[in-house]
Amino acid sequence: MEIILKYFPDLTEAQKQQFASLYDLYTDWNAKINVISRKDIENLYEHHVLHSLGIAKVIRFTPGTRIMDLGTGGGFPGIPLAILFPEVKFHLVDSIGKKVRVATEVANSIGLKNVTFRHARAEEEKQFFDFVVSRAVMPLADLLKIIRKNIASEQHNAMPNGLICLKGGELANEAMPFKNKTMMYDLKDYFEEEFFETKKVVYVTP
């Protein structure tokens, strides 16, 4: 939990409590339904919560912004972002029902009021959003093909509506077809920990 306060020191008491509750909740649920590698659950705050919050180092969403978290799994990056941006609306979607259940139960347990959930494939979601966020669920080209239909035309933020992904490794070839519409941000520029050496926030306008 200390690592979250290190990089986000201005949290309210309510937000601190919500973040602090995540470890026990995910540890408990992960024992029943595996949404995080069993070996990785001890690194929940660095590898999952803080990684998700990397998006907030690139853009501060304005109140009322609508965001879909596609392939949310157990709720990443959607739940940490929903805690950080309580006036932003998040819609968490995953094709695996038991993972949606974990995310729903965690969100309910910490009292999140700005999230909705859907057990569905990405192609089935027809609503419009300002941004789609995702955590390395598929190659950029495949993801863009699916989510173009979901990006709203009306703008509310400093950055144009689009796709924001958390990805690792060498992404130059993957992003090449969209190089004029893509910006990459190295998370090592924002976070000191070794885990973030190869992690990036990839922003693409469809």
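Helices and strands here are DSSP runs, numbered from the N terminus. With that in hand, let's start in the loop between helix 3 and strand 1, where Thr-62 sits. Keep in mind as you look around that this is a predicted model.

How far apart are the C-alpha atoms of Thr-62 and His-156? They are separated by 7.0 Å, although the two residues are 94 places apart along the chain. Setting aside residues up to four places away in sequence, Thr-62 touches His-156, Asn-157 and Val-88. Thr-62 counts as partly exposed because its relative accessibility is 26%, and that class runs between the 20% and 50% cut-offs.

Now move along to Thr-65, which lies in the loop between helix 3 and strand 1. Is Thr-65 buried or exposed? Its relative accessibility is 0%, so it counts as buried. Leaving out residues up to four places away in sequence, Thr-65 touches Asn-157, Val-88, Lys-89, Asp-130 and Phe-131.

Next, the nonpolar interior. In soluble globular proteins, nonpolar side chains tend to be buried together. Here the largest nonpolar core has 54 residues, and the ones with the most contacts inside it are Ile-4, Leu-22, Tyr-26 and Ile-79. Helix 3, spanning residues 44-58, gives the most to this core, with 8 residues.

A cis peptide bond joins Phe-76 to Pro-77, with omega at about 10°. Pro-77 is found in the loop between strand 1 and helix 4.

On to the rings. There are 7 aromatic pairs. One of them is Tyr-7 with Phe-191, an edge-to-face pair at 4.8 Å centre to centre and 70° between the planes. This pair links distant parts of the chain: Tyr-7 belongs to helix 1 (residues 2-7), while Phe-191 is in the loop between strand 6 (182-186) and strand 7 (199-204), 184 residues apart. Tyr-7 is buried, with a relative accessible area of 11%, and Phe-191 counts as buried at 1% relative accessibility. Both rings also belong to one aromatic cluster, made up of Tyr-7, Phe-191, Phe-195 and Phe-196.

Why is the pair of Phe-61 and Phe-85 edge-to-face? The planes of the rings lie at 70°, so the pair gets that label, and the ring centres are 5.3 Å apart; the cut-off for edge-to-face is over 60 degrees. Phe-61 is in the loop between helix 3 and strand 1 (66-70), and Phe-85 in the loop between helix 4 (78-84) and strand 2 (89-94), 24 residues apart. Phe-61 counts as buried at 5% relative accessibility, and Phe-85 is buried too, with a relative accessible area of 6%.

Last stop, the largest pocket. About 340 Å³ of space lies in it. Of the 21 residues that line this pocket, the closest to its centre are Gly-71, Thr-72, Gly-73, Asp-94 and Val-137. By class, the lining has 9 nonpolar, 7 polar and 5 charged residues.

Key. Residues are numbered from 1 along each chain as its sequence is written. This is a predicted model: local features need pLDDT of at least 70, side-chain atom pairs count only at pLDDT 80 or more; totals for chains, interfaces and linings use all residues. Side-chain values use heavy atoms; hydrogens and water are left out. On a 1 Å grid over the protein atoms alone, a cavity is a set of points where a 1.4 Å probe fits but cannot get out, and a pocket is an open set with protein on both sides within 12 Å along at least five of seven lines; lining residues have an atom within 4 Å of a point. Grid points are joined across faces, edges and corners, and a volume is the space filled by probe spheres set on the points. Ala, Val, Leu, Ile, Met, Phe, Trp, Tyr, Cys and Pro count as nonpolar, Asp, Glu, Lys and Arg as charged, and the others, Gly among them, as polar. A nonpolar core is a set of buried Ala, Val, Leu, Ile, Met, Phe, Trp, Tyr and Cys residues joined through side-chain atoms within 4.5 Å. Buried means under 20% relative accessible area, exposed over 50%, partly exposed in between (1.4 Å probe, protein chains only). Helices (H or I, at least four residues) and strands (E, at least two) are DSSP runs, numbered from the N terminus. Rings of Phe, Tyr and Trp (its six-membered ring) pair if their centres lie within 6.5 Å; planes under 30 degrees apart count as stacked, over 60 as edge-to-face and the rest as tilted. Contact means heavy atoms within 4.5 Å.
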